[in-house]
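Colleague: I have a model open on my screen and would like to talk it through with you. Could you take my questions one at a time?

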Number of protein chains: 2
Amino acid sequence: MPNATLGSIEITPLPTFPDPRGTLTVAEIAKLVPFTVQRLFYVQGVPEGITRGSHGHYRCRQFLICQTGIISVEITDGIASKTFSLHANQAILIEPGLYATETYTTPDAALLVLCDRPFEAEDYIKSIEELVRFRAAQAST
Amino acid sequence: MPNATLGSIEITPLPTFPDPRGTLTVAEIAKLVPFTVQRLFYVQGVPEGITRGSHGHYRCRQFLICQTGIISVEITDGIASKTFSLHANQAILIEPGLYATETYTTPDAALLVLCDRPFEAEDYIKSIEELVRFRAAQAST
C-alpha cells in the first residue's frame with residue numbers, strides 16, 4: 001500500500017448558516033468523507049494552548065472538524081511536517097501512516113473526529129520512530 | 001410501515017473522559033446508531049431559551065447528541081408529546097413520522113445531529129396537521 005503523503009492534505013470548509021437564532025453547519029458525509037463512519041469522538045473544554053493527540057494510526061482514517069475556535073494541526077510523515085490552522089467549520093482528512101498533534105489555540109476550540117474504525121488500542125502509532133518503521137515497511141511491500 | 005412511537009424513545013449517555021487537558025466524548029456509531037451516517041449538522045451559538053427545529057421528517061432518521069449545555073427536546077406524534085431534557089453527552093434517536101422542537105435551555109448548548117439521508121427539502125413535515133395526515137396514511141397501509 002502506498003504511504004499517505006502530506007501534499008495531498010487540504011482544508012475543506014463546511015457550509016455554515018448563521019442567523020440570530022444561532023449557527024448551523026452541515027457536512028454532507030456521503031460526499032465529503034471517503035469512508036463509512038464507525039465511530040466519532042469530540043474534544044472540548046481544553047485549556048488554551050494545550051496540545052493533544054501526538055499519535056498516528058496504522059489503519060484508522062480520520063476526518064477532523066474544528067467546530068469552534070482555532071485548532072492548529074501539525075502532521076508529519078516522519079521526515080517533513082506541515083501545520084494546518086483549522087478554523088471553526090473547517091475540516092481535514094488524515095490518512096493512516098501519518099502522525100498528528102493538535103494544539104487548541106483558542107479557549108473555545110472544539111474538535112469533532114469521524115473515524116472509519118471502532119476504538120482499537122493496538123492501532124495507535126505512539127512515536128515518530130514507530131511511524132518511520134511502519135512507513136518503511138509499507139514502502140517495501 | 002408502522003408509525004414510530006414516543007414510548008420507545010430513550011436517552012443514551014455517551015462515554016466521557018474528562019481530564020485536566022479537556023473532555024473527550026466517544027460515540028461508537030456502529031453500535032449505537034442504527035443507520036449509516038450520510039450527513040451531519042451541528043447547531044451552536046444559540047441564544048438562551050431559543051427554540052429551533054419544529055418539524056418532522058417523512059423518511060430521515062436522526063440521532064441527536066447534546067454536546068454541551070442542556071437542550072430540551074419536545075417530541076410529539078400528533079396526539080401525545082414527551083419532553084426529554086438532553087444534558088451534555090447524552091443522545092436520542094428520533095425516527096421519521098415524529099415532530100420535534102428543541103429549546104436551547106442554556107447559553108452554551110450545542111447540538112450535533114447525525115442523519116441517514118442527504119438534505120431533501122421535500123422530506124420536511126412542516127406542521128402537526130401534516131404529521132397527523134402522514135401518520136394516518138401510514139397506519140392504513
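This is a predicted model: local features need pLDDT of at least 70, side-chain atom pairs count only at pLDDT 80 or more; totals for chains, interfaces and linings use all residues.

Colleague: How many salt bridges does the rule find across the interface of chain B and chain A?

Modeller: Side chains of opposite charge can pair when their charged atoms come close. Over all chains the count comes to 10 salt bridges. Across the interface of chain B and chain A, the number is two.

Colleague: Which side chain meets D19(B) in a salt bridge?

Modeller: D19(B) lies in strand β2 (residues 16-19) of chain B and its partner in strand β5 (residues 51-57) of chain A, so the pair joins two chains. Strands here are DSSP runs of E with at least two residues, and helices are runs of H or I with at least four, numbered from the N terminus. At 3.9 Å, N to O, the partner is R52(A).

Colleague: What area do chain B and chain A bury between them?

Modeller: The size of an interface is often given as the accessible area lost when the parts come together. It is computed with a 1.4 Å probe and summed over both parts. Contact, meaning heavy atoms within 4.5 Å, links 37 residues of chain B with 37 residues of chain A. Carbon and sulfur atoms carry 50% of the buried area, which comes to about 3000 Å².

Colleague: What relation do the two chains have?

Modeller: Copies are superposed by least squares on the C-alpha atoms of residues with pLDDT of at least 70 in both. Chain B can be laid on chain A with an RMSD of 0.0 Å by a turn of 180° and a shift of 0.0 Å along the axis. That is the relation of a two-fold axis.

Colleague: Why do the copies meet through the same surface?

Modeller: The comparison rests on which residues of each chain belong to the interface. The copies meet through the same surface because the interface residues of chain B are also interface residues in chain A, to the extent of 100%.

Colleague: Which residue of β4(B) stands opposite V26(A)?

Modeller: Two strands pair if DSSP finds at least two bridges between them. Strand β3 (residues 22-27) of chain A and β4(B) run antiparallel and are joined by five bridges. Opposite V26(A) stands F41(B).

Colleague: In chain A, which are the edge strands of the open sheet?

Modeller: Five strands form this sheet in the order β8-β7-β10-β5-β12, with antiparallel pairing. Seven bridges join strand β7 (residues 70-76) of chain A to β8(A), with S72(A) and S85(A) as bridge partners. Pairing on one side only, the edge strands of chain A are β8 (81-87) and β12 (124-125).

Colleague: What is the bridge partner of F17(B) in β3(B)?

Modeller: A hairpin joins β2(B) to β3(B) through two residues. The two strands pair in the antiparallel sense over four bridges. In β3(B), the partner of F17(B) is L24(B).

Note on methods:
Residues are numbered from 1 along each chain as its sequence is written. Chains are lettered from A and ligands numbered from 1 in the order in which they are written. Side-chain values use heavy atoms; hydrogens and water are left out. Buried area is the accessible area (1.4 Å probe) that two parts lose on being put together, summed over both. A salt bridge is a side-chain nitrogen of Lys or Arg within 4 Å of a carboxyl oxygen of Asp or Glu.
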